[in-house]
Amino acid sequence: MITGAVFDMDGLMFDTERLVYETWQAMMDEKGYKYSLEIFKNTIGLRADASKAYYLSLFGNNFEYDSFKSRSRIIFMKRVENEGVPLKKGLIELLEFLKVQQFKISLATSTTSQTALKLLKMSGVYNFFDTFVCGDDVKNGKPHPEVFLTAAAKLGLLPENCVAFEDSINGIKSAFAANMKTVMVPDYLPPTEEIKPMIGYLCSDLSQAINYIRKENKL
């Protein structure tokens, strides 16, 4: 029986991947770097250290990743402060359903706690969560299972009694390796042939996952 739910954040709960990409594209264009959506897609689900290594591999060791990252965060936060945090379709419906069913709920994101917790509070969904695991809380980023294993432990549940909600390929690999049931709601990245067997349920918005949980728990 599923009694816990573990959520990724960017691209899954919030339509923030789009905002981050637009920010990076503008910055890279300004500095004359050849950048594209395809490059950005390869960073989805990665912690900052892994993302930095990828950018350096493309643009050389002199690429000032830390400066770009810092500036992108400032631009991004100003935008969400002005426009609000864009929620993904079905998020509130699913969170309310899980609370009615008395699920324990955790965050499991590669984003730093400073940014993640601020976004959760700004969006109004912070109080749905019982605990939080962010990129700076673990040593190993996705696709390593540490973030999901840590989330289950903090909830006081076995991983097999949790369902993980993810939008990214690395996220699904991470949750599957942690032995959680998986629900994928693709954002920029469609499921690959490699991860299709790892996906328990594939849907186009979060509210569709309610039927999956009803079926799994025979509600």
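The largest pocket is lined by 34 residues, and D10, V20, L46, K69 and T111 lie nearest its centre. A pocket is an open set of points on a 1 Å grid over the protein atoms alone, where a 1.4 Å probe fits, with protein on both sides within 12 Å along at least five of seven lines; lining residues have an atom within 4 Å of a point. This is a predicted model, in which local features need pLDDT of at least 70 and side-chain atom pairs count only at pLDDT 80 or more, while totals for chains, interfaces and linings use all residues. Residues are numbered from 1 along each chain as its sequence is written, and side-chain values use heavy atoms, with hydrogens and water left out.

The space in the largest pocket is about 730 Å³, a volume being the space filled by probe spheres set on the grid points, which are joined across faces, edges and corners. Its lining comprises ten nonpolar, 14 polar and ten charged residues. Here Ala, Val, Leu, Ile, Met, Phe, Trp, Tyr, Cys and Pro count as nonpolar, Asp, Glu, Lys and Arg as charged, and the others, Gly among them, as polar.

The helices below each supply at least two residues of this lining. Helices (H or I, at least four residues) and strands (E, at least two) are DSSP runs, numbered from the N terminus.

| Helix | Residues |
|---|---|
| α1 | 16-30 |
| α3 | 48-59 |
| α4 | 65-83 |
| α6 | 113-123 |

With six residues, α4 gives the most to the lining. Helix α4 also packs with α6 at an angle of about 10°, their axes being 12 Å apart. Axes are lines fitted to C-alpha atoms, for helices over the stretch in contact, and angles run from 0 to 180 degrees between N-to-C directions. The two helices, α4 and α6, are therefore roughly parallel to each other (angles under 35 degrees). In contact (heavy atoms within 4.5 Å) are R73, F76, M77, V80 and E81 of α4 with Q114, T115, K118, L119 and M122 of α6.

The six strands form an open sheet in the order β3-β2-β1-β4-β5-β6, with parallel pairing; two strands pair if DSSP finds at least two bridges between them. Because β3 (131-133) and β6 (201-202) stand at the edges with a single partner strand each, one side of each is left without a neighbour in the sheet. Strand β2 (residues 104-108) pairs with β3 over three bridges, and S106 has T131 as its bridge partner in β3.

Two backbone features lie in loops. K142 and P143 are joined by a cis peptide bond with omega of about 15°, and P143 is found between β3 and α7 (146-155). N179, which is not a glycine, has a positive phi of about 70° and lies in the loop between α8 (169-177) and β5 (181-184).

Methods
Angles under 35 degrees count as roughly parallel, over 145 as roughly antiparallel, 65 to 115 as roughly perpendicular and the rest as oblique.
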